[in-house]
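My notes follow in the order I checked things.

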Amino acid sequence: MKIGIVLYPTYGGSGVVATELGKALAAKGHQIHFITYSQPVRLGSFRENIFYHEVSLTDYPLFDFQPYETQLASKMVDVVNHEKLDILHVHYAIPHASAAFMAQQILKAQGITIPFVTTLHGTDITLVGKDPSFEPVITFCINHSDAVTTVSESLKEDTYAHFQVTRDIQVIPNFVVEDAEDEHYTVYMRQKYASDGERILCHISNFRPVKRVDDVLRIFAKVNAVLPSKLILVGDGPDRYHCERLCRELNLCDEVIFLGKVRDTSHVLEMADVFLLPSETESFGLAALEAMAVGVPVISSNTGGIPEVNIHGFSGYLSNVGDIDDMAKNAIELLKPENHAVFKKQAKLRSEEFSLARILPLYEELYRTLVK
Ligand code: GMT
């Protein structure tokens, strides 16, 4: 099949899932056309069956706000026409689903029929999407997509709760792609950040308030008071400066390492002993799954779709949002050598439920039913 994938090219989970999905489909022989405004961060090097179409924006003085949605829809029309695509798959409702609907209508007027799938990822429904100013467009696009998927049961329920949705939604969970580990390199790198006997805690996010990175630091402070340890923070965003200041206040500057944005997070995760995800809301928690996939147990909140991924007492522990005492207690318990080895194995085992081999055929099957 020839598949157009529309995505955000950034470090966010929706862009990562869309890019990895496209790469996996290309490896299976499908022709993949990524459509977005900049090269997707996880796209990596040149590969067979992958094409990238950049939406370039017109910077005209009349436009206080560039009309991205219009240019994206035009690009979709162009790519469908010239590359003879069979289907479009848009990740994140705003504004990708409405641009796809517009493109579909334009193509219909030209005598071309093309279905589009919308995958909802989370904040397009639970945070941004809930803003009443978006509601009519999101409701319309969900109801007029040829198929809609969500990345968890929790997000499906949220979608029905917040929008007047009158159609079926299929849950296709996120997946994780196995990456071969170079154990010697991991040991070498680990020594750069922590001495023997020190534990490494890790958190990866876009440092937005929803991630509660503040809680990450406060949990770490409690663990560090009991166990020699380091905290590695990956990512960047609006709360980073505040977190750097909090580190100074908590007198943790020597124990906390801010790495900034990292393209290939699995190599950082491989060094870690525990992953922290105390989010306010999370439709799935891809970063937690990526940690589990390299045998790192997760201390998380029990919000949204996280309990569908992290199993309490098996792959890690879950606590109420904001309960940093409980999260710190669980982390200390989990880090006891006799527990840690068991949780590491179990985290890896749990992640295998979300293997590419299990999830990819669900998307392929969905495409086949629509293209038929
Ligand atoms: O977490 C973010 O703020 C980024 C956001 C995105 O759209 O890129 O992530 C959402 O989609 C991910 C991939 O499906 C999910 O794993 C995240 O849980 C979800 N984030 C939230 O729901 C806050």
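Predicted model: local features only at pLDDT ≥ 70, side-chain atom pairs only at ≥ 80, totals over all residues.

**Ligand site**

Next I looked up the shell. I found 17 residues surrounding the ligand. The closest are Ser14, His121, Lys211, Glu282 and Ser283.

Which residue has a polar side-chain atom 2.7 Å from an oxygen atom of the ligand? I found glutamate 282 there. I also checked asparagine 206, where a polar side-chain atom lies 2.9 Å from a ligand oxygen. Serine 283 uses its backbone: a polar atom there is 2.8 Å from an oxygen atom of the ligand. I then looked up the cover. Taken alone, the ligand exposes 480 Å², and the protein buries 93% of that.

**Domains**

I turned to the chain division. Domain 1 covers 2-175 + 355-371, and domain 2 covers 183-354. I looked up their spacing: the C-alpha centres of domain 1 and domain 2 lie 30 Å apart. Their contact takes 22 residues from domain 1 and 18 residues from domain 2.

Why does the ligand lie between the domains? I checked the shell against the domain bounds. Domain 1 and domain 2 both give residues to the shell around the ligand, so the ligand lies between them.

How values were computed:
Residues numbered from 1 in each chain as written. Heavy atoms only, no water. Near = heavy atom within 4 Å. Polar contact = N/O pair within 3.5 Å; in protein donor to acceptor, adjacent residues only side chain to side chain. Areas by Shrake-Rupley, 256 points an atom, 1.4 Å probe, with all protein chains shown as cover. Domains from an automatic or database assignment. Contact = heavy atoms within 4.5 Å.
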